[in-house]
Amino acid sequence: MGFVRNAWYALSWSHEIGADILLARKVLGKPVIAWRKSSGEVVALADMCPHRFAPLSKGEKVGDGVRCVYHGLEFDGTGKCTHNYHGVAPSSAQVQSFPIREEQKLVWIWMGDVELSEKVAIPEIPFLTEEGWRIQFGTTNAKAGYELYNDNLLDLTHATFLHGVIGGPEWKPKTRIRELDDGRIHCNYLVEEMGVLGDNEKRVQVEDNLYWTAPSTHVLSIEHTPRSATATPFYVISCHLLTPETERSTHYFWAGAVPAGVPIPDEVLHDTLRTAFEIEDKPMLEAIQANMGEADLWDLNPVLLPADSGAVRARRRLKALREEERQ
Ligand code: FES
Ligand SMILES: [Fe+2]
């Protein structure tokens, strides 16, 4: 399998890296430590001291750098050894550093060829920075590979059975899947009339639009248009950023937003989103990964249904990107 390396991946939400935090997170199989300098800039290094390979994240922040808790070597944000308690700071002690960008309320990390980082764009998620949205955020980690997560988001027919609130038995959508000229995959789902939240009196049209950007950024909108007198319009938009931790585990950053004036309490919005993503999707994906073990999806000869076409195209694209990088 392997990873697409030359891409910007979400390392964290900006708010996860406060002034005193040493954030430890494995990305594409590599332990990473990140922290915020007094200037506000976030820096990231390999989370491994070059002396005896202790995790630097077990140490502490010292000024704008970090001190290893094992024998006390200190490193700055570029990974250079700046202090040795027991003698001269060895110039050979250099920790790998990773390019970081902080944009759209997220800290993004680049694990690939450093020279290419400037040439690759960070996926745009406009609602994260636009005025007029009330946003809820989540971060979780799942013991399932990120391609299983892509498959999940690129086939929303699973909502009929897995998601009571955003799907349910009447969720039997007409599905249109296409590739856009810019390389994104767009999945459109339409149910012309269904009951809302199990309330059959309230009839709405439901239209979902999901856009996938390689390797693993999804933006999903769900829109209700009233079809009966008691129903009300509703719109929720969410993003789903999947950063491989290892080949079979994923950091999952999600955010969901409603227009600022919508009278839904923050806790209810947060709970609804979290239930779908973390209580309904996540255990299913972890169970699938456990069933599949180390096998690749294609080696297991999966049955393909029409609604799988987005996921299949995404998998093909990722395979092509990985092969391109290998050459
Ligand atoms: S392992 Fe870090 S100083 Fe020795
Ligand atoms: Fe889901």
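This is a predicted model: local features need pLDDT of at least 70, side-chain atom pairs count only at pLDDT 80 or more; totals for chains, interfaces and linings use all residues.
Local features were taken at pLDDT of at least 70 and side-chain atom pairs at pLDDT 80 or more, whereas totals for chains, interfaces and linings use all residues. Residues are numbered from 1 along each chain as its sequence is written, with chains lettered from A and ligands numbered from 1 in the order in which they are written.

Helix α1 spans residues 146-153. Helices (H or I, at least four residues) and strands (E, at least two) are DSSP runs, numbered from the N terminus. Of the 8 residues of α1, 8 are buried, so the helix is largely enclosed by the rest of the structure. Buried means that 20 or more other C-beta atoms, placed from the backbone, lie within 10 Å of the residue's own. Among these buried residues are Y146, L148, Y149 and L153. Their cover includes strands β15 (199-213) and β16 (217-226), and helices α3 (266-292) and α4 (309-326).

The axes of α1 and α4, lines fitted to C-alpha atoms over the stretch in contact, come within 8 Å. They cross at roughly 145°, on a scale from 0 to 180 degrees between N-to-C directions. E147, N150 and D151 in α1 meet A311, A314, R315 and L318 in α4. Contact requires C-beta atoms, placed from the backbone, within 7 Å.

Elsewhere, an open sheet of 4 strands runs in the order β5-β6-β7-β8, with antiparallel pairing. Strands pair if DSSP finds at least two bridges between them. Strands β5 (60-62) and β8 (81-83) stand at the edges with a single partner strand each, so one side of each lacks a neighbour in the sheet. β5 pairs with β6 (residues 65-67) over 3 bridges. There, K61 has V66 of β6 as its bridge partner.

Notes
A residue is buried if 20 or more other C-beta atoms lie within 10 Å of its own, exposed if 12 or fewer, and partly exposed in between; C-beta atoms are placed from the backbone. Two residues are in contact if their C-beta atoms, placed from the backbone, lie within 7 Å.
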